Amino acid sequence: MRHPSKLLRSLYARLALGLFVLLIVVGLVYTAISLVALRSYQASVNQELNRNLAMNLVADQNLVDNGELNFDELDNLFSLYMSINPSIEIYLINPEGRILSYSADPDKIKRNSVSMAPIDRLLANPDAYPLLGDDPRSHDRQKVFSVTPVPSADKVEGYLYVVLRGEEYDSAELMARESQFFIISAWAVAVSLGIGLLAGLAVFHLLTRRLKQLADRVDHFQNLLAADTPRLPTPAGDEIDTLASTFERMSTRITLQLDQLQEKDALRRQLVAQVSHDLRTPLASLQGYVESLLIKGDHLSDEEQRRFLTIALNESRRLGRLIDELFELAALEAREKQPEPEPFSLPELSHDVVHKHQPAAENRSIELKIEGDLALPMAYADLGMTERVLDNLISNALDHTPDNGRIELTLAQTADAVTVTVRDTGPGIAPEDLPFIFDAFHRGSSGRSSAHAGLGLAIARRIMMLQHGGINADNHREAGAEFVVTLPLAATLTAPSSNPNGS
């Protein structure tokens with residue numbers, strides 16, 4: 001189930017909100033247009049129904065007597081219609097539009113005259129409705145009207161100008177419309193909004209469903225990326241923002257992987273060159289001594305032949321050891337060789353490895369001993385791989401420790417691990433070589449450089465990485481180099497969690 005805040009930021013929610021606002025705006029615009037159209041329609045109907053009202057008032061009320069306007073009857077007409085029909089207002093105007101007399105309240109008259117243009121137009125074309133004329137009660141308002149010349153069209157002394165929708169009519173209509181029209185409009189807008197919103201939500205759900213599924217799949221894929229991938233902050237947006245952010249993350253990861261591939265390709269080229277050199281040296285030596293035996297064998301003494309064969313055998317062994325290390329490092333890099341961790345005693349393993357190398361140390365009068373805490377808790381790692389690491393470190397220390405020197409293995413415990421430190425009294429590691437001491441085929445500039453660059457330290461580092469341990473190198477403050485191997489405690493790890501296959 002998606003978090004409510006995330007749901008509100010979804011594309012579906014944003015589309016639904018946009019649809020809701022759009023329907024509200026459309027409803028308001030529709031109401032406004034309907035109101036204007038209704039007013040225009042009512043004005044047309046009113047003007048058509050009453051277009052002869054002014055003429056009828058003149059005829060019915062005897063306003064014209066012997067071809068003259070009867071002002072007494074006009075006053076009676078004003079009084080009569082103010083009482084029985086307050087919805088109309090009657091004005092007497094001269095031919096120029098000036099107001100001469102009227103039935104309205106004098107305090108509310110704002111104009112002294114009205115425009116004759118709409119009056120002339122309506123008299124010329126009585127069907128031209130709705131036609132609006134000036135409202136004497138306002139400086140800018142116009143209303144439908146009825147007009148007739150008095151006393152006659154042949155003898156025009158003025159016009160009877162009847163405003164069909166007077167102020168009283170407007171007030172009554174406004175009250176009725178506010179209570180009736182807006183209620184009807186509100187219900188119409190509400191029903192239309194509800195139906196339109198439901199239909200829109202259904203359509204938006206169909207349109208955004210596949211986009212949401214794609215965003216979820218991409219997000220799931222993002223969670224499966226390696227832990228070393230640079231993580232960008234998750235955007236506070238909808239699915240499109242999420243897809244854009246994920247695309248940026250994936251492009252960053254692809255760029256990183258391309259850089260890593262280029263770096264690995266450069267390392268591969270360097271490795272091939274170094275391997276070729278290190279393999280060529282013992283192979284050329286082996287080939288040279290064998291050819292010498294074949295060519296000069298009859299002229300060499302038994303002692304010389306034995307010496308040549310011994311050198312060839314040593315070079316063959318050196319070549320075989322280097323090939324074995326290459327295969328071992330390749331298997332570790334490809335994870336073809338996986339550790340099988342188990343609890344074991346690090347002091348016991350250290351004693352076994354020291355005992356194995358003791359004869360070689362005694363032949364050169366090198367003191368090889370174990371110090372530190374011999375009652376360490378159980379370590380949790382692959383026993384054979386850990387023994388291989390200690391073998392490499394002690395062999396490396398023997399190669400770089402002068403005769404009558406000393407090699408110490410110091411055992412210790414930290415909060416969640418056990419350590420063994422292998423220290424020798426050799427020349428140490430050149431400072432410029434320390435960052436690269438665990439790189440395959442690294443050739444030291446001085447100090448611990450040897451005739452060929454071996455793979456023992458590179459193999460040791462890879463083994464410790466697979467076992468969730470660690471190995472570090474440094475120079476001792478007095479003399480010589482020291483390597484610290486760190487292994488996890490059996491009490492803090494279980495077999496399933498420490499197996500790299502399951503990580």
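Tyr161 is buried, with a relative accessible area of 1%, where buried means under 20% relative accessible area, exposed over 50% and partly exposed in between (1.4 Å probe, protein chains only). The model is a predicted one, in which local features need pLDDT of at least 70 and side-chain atom pairs count only at pLDDT 80 or more, while totals for chains, interfaces and linings use all residues. Residues are numbered from 1 along each chain as its sequence is written, and side-chain values use heavy atoms, with hydrogens and water left out.

The structure holds 5 aromatic pairs; rings of Phe, Tyr and Trp (its six-membered ring) pair if their centres lie within 6.5 Å, and planes under 30 degrees apart count as stacked, over 60 as edge-to-face and the rest as tilted. In one of these pairs, the ring centres of Tyr91 and Tyr102 are 6.2 Å apart and the planes stand at 45°, so the pair is tilted. Tyr91 belongs to strand E3 (residues 89-93) and Tyr102 to strand E4 (residues 99-102), so that this pair links distant parts of the chain, 11 residues apart. Helices (H or I, at least four residues) and strands (E, at least two) are DSSP runs, numbered from the N terminus. Tyr91 is buried at 0% relative accessibility, whereas Tyr102 is partly exposed at 27%. A tilted pair is also formed by Phe145 and Tyr161, at 5.2 Å centre to centre and 35° between the planes. Here Phe145 sits in strand E6 (residues 142-151) and Tyr161 in strand E7 (residues 156-163), 16 residues apart. Phe145 is buried, with a relative accessible area of 0%. Ring pairs join Tyr91, Tyr102, Phe145 and Tyr161 into a cluster.

Attention now turns to helix H11. The axes of helix H10 (residues 383-400) and helix H11 (residues 456-466) come within 9 Å and cross at roughly 150°. Axes are lines fitted to C-alpha atoms, for helices over the stretch in contact, and angles run from 0 to 180 degrees between N-to-C directions. H10 and H11 are therefore roughly antiparallel to each other; angles under 35 degrees count as roughly parallel, over 145 as roughly antiparallel, 65 to 115 as roughly perpendicular and the rest as oblique. Contact means heavy atoms within 4.5 Å, and the residues of H10 that meet H11 include Met385, Val389 and Leu393, with Leu457, Ile459 and Ile463 among their partners' side. By class, the contact of H10 with H11 has 8 nonpolar, 3 polar and 1 charged residues. Ala, Val, Leu, Ile, Met, Phe, Trp, Tyr, Cys and Pro count as nonpolar, Asp, Glu, Lys and Arg as charged, and the others, Gly among them, as polar.

Helix H8 (residues 302-333) also packs against this element: the axes of H8 and H11 come within 10 Å and cross at roughly 25°. H8 and H11 are therefore roughly parallel to each other. Residues of H8 in this contact include Glu325, Glu328 and Leu332, and those of H11 include Ala458 and Arg462. The contact of H8 with H11 divides into 6 nonpolar, 1 polar and 4 charged residues. Arg462 itself counts as buried, at 12% relative accessibility. Neighbours within four places in sequence aside, Arg462 is in contact with Leu332, Glu333 and Arg335.
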